[in-house]
Amino acid sequence: MQANDGSDGDGSAGGGAAGFEASLVADGATFDGRDAALLRAIAAAGSVSGAAANLGRSRARALSRLETLESAFGDLVERRRGGADGGGSRLTQGARALLARFDRLTAALAGTAGAAESVFEGVVAERDGELAVVDTDAGSLRALAVGDPDPAAGDRVQASVRADAVTLHDPGETPSADATSARNRFPGVASAVDRGDAVVEVRVDVGAEESLAALVTVDSADRLGLREGREVVASFKATATRATRADAAGDADGRET
């Protein structure tokens with residue numbers, strides 16, 4: 001069983017997006033917050049139909065989802081028929097253990113709200129609508145151009161990305177650019193690996209003045225064999241990257257902001 005950090009790398013994170021969303025993966029099935037809510041509702045209602053009604057879902061879809069989850073995670077719900085209490089459903093020990101693990105991962109990831117942010121200095125090479133192509137020491141990247149006024153071609157900028165928006169890949173298994181929405185990608189070497197109980201903080205040397213910070217789950221780190229000196233490919237979405245003018249008081253050609 002694997003733990004996902006929600007960053008979509010599109011091996012995912014759901015996005016590496018600006019925040020982590022806990023999920024557990026086994027045999028191609030992903031257990032996330034909606035699935036946890038379904039199990040908790042079954043425990044509270046004592047039946048799948050009651051849980052579905054309380055959650056505003058159809059009984060048929062709830063049963064179908066349970067079948068998918070049980071094929072990957074094992075028996076989750078014990079169904080009883082008839083008897084003095086009229087039957088019903090209750091969670092198995094496996095389901096309770098799965099919920100406990102999900103809760104531990106969720107608690108660990110909740111601490112990433114103040115995730116480190118990496119900043120790359122560069123120059124806007126071109127604009128494409130709301131996106132800017134920024135030339136940095138690590139290479140070109142795409143970012144949302146933000147600010148008042150927002151950056152124009154030729155402006156010096158700072159392009160920033162949060163650690164929880166970065167996905168790390170094995171160099172030999174990195175998805176092609178056409179297979180993922182995370183178009184910013186940089187090969188590098190892990191320069192620091194700080195392992196916690198559920199989350200690993202990684203610094204990746206990508207050839208810029210500042211190393212790139214990334215957060216991955218322990219399971220993801222183990223799959224990658226993460227350690228100092230390990231070669232990786234870091235990827236992140238343009239929409240998770242912000243480019244702002246480097247000088248808020250005035251840019252290089254003397255214009256007032």
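**A conversation about helices, sheets and rings**

Helix α1 passes helix α2 in a right-handed crossing.

Visitor: Is this structure predicted or experimental, and what does the model hold? Which elements does the protein have?

Guide: This is a predicted model. The protein has 5 helices and 15 strands.

Visitor: Back to that crossing. At what angle do α1 and α2 pack?

Guide: Helix α1, residues 33-45, packs against helix α2, residues 48-55, at about 120°. Their axes are 8 Å apart.

Visitor: On to the strands. Which strands close into a barrel?

Guide: The barrel is closed by 5 strands in the order β6-β7-β8-β15-β9, and their pairing is mixed. From one strand to the next, the twist averages 50°.

Visitor: Do β8 and β15 run parallel or antiparallel?

Guide: Strand β8 (residues 139-145) and strand β15 (residues 241-245) run parallel and are joined by 2 bridges. Within β15, Ala-243 is the bridge partner of Ala-145.

Visitor: Which strands form an open sheet?

Guide: An open sheet is formed by 5 strands in the order β10-β14-β11-β12-β13, with antiparallel pairing. Its edge strands are β10 (167-169) and β13 (212-217), each of which pairs on one side only. The twist in this sheet averages 45° from one strand to the next.

Visitor: How many bridges join β11 to β14?

Guide: There are 6 bridges between β11 and β14 (residues 231-236), and the two strands run antiparallel. Pro-187 stands opposite Val-233 in β14.

Visitor: New topic: aromatic rings. How many aromatic pairs are there?

Guide: The structure holds 4 aromatic pairs. One of them, formed by Phe-120 and Phe-186, is stacked, with 6.3 Å centre to centre and 25° between the planes. This pair links distant parts of the chain: Phe-120 lies in strand β6 (residues 117-128) and Phe-186 in strand β11 (residues 184-195), 66 residues apart.

Visitor: Are Phe-120 and Phe-186 buried or exposed?

Guide: Phe-120 and Phe-186 are both buried.

Visitor: And which residues do ring pairs link into a cluster?

Guide: The cluster consists of Phe-31, Phe-73 and Phe-102, linked by ring pairs.

Visitor: Lastly, what share of the protein do buried residues make up?

Guide: Of the 257 residues in the protein, 44% are buried. The protein exposes about 12600 Å², and carbon and sulfur atoms supply 44% of that area.

Conventions: Residues are numbered from 1 along each chain as its sequence is written. This is a predicted model: local features need pLDDT of at least 70, side-chain atom pairs count only at pLDDT 80 or more; totals for chains, interfaces and linings use all residues. Side-chain values use heavy atoms; hydrogens and water are left out. Rings of Phe, Tyr and Trp (its six-membered ring) pair if their centres lie within 6.5 Å; planes under 30 degrees apart count as stacked, over 60 as edge-to-face and the rest as tilted. Helices (H or I, at least four residues) and strands (E, at least two) are DSSP runs, numbered from the N terminus. Buried means under 20% relative accessible area, exposed over 50%, partly exposed in between (1.4 Å probe, protein chains only). Two strands pair if DSSP finds at least two bridges between them. Axes are lines fitted to C-alpha atoms, for helices over the stretch in contact, and angles run from 0 to 180 degrees between N-to-C directions. Accessible areas come from the Shrake-Rupley method with a 1.4 Å probe; for residues, only the protein chains shown count as cover. A crossing is left-handed if the near helix is turned anticlockwise from the far one by less than a right angle, and right-handed if clockwise.
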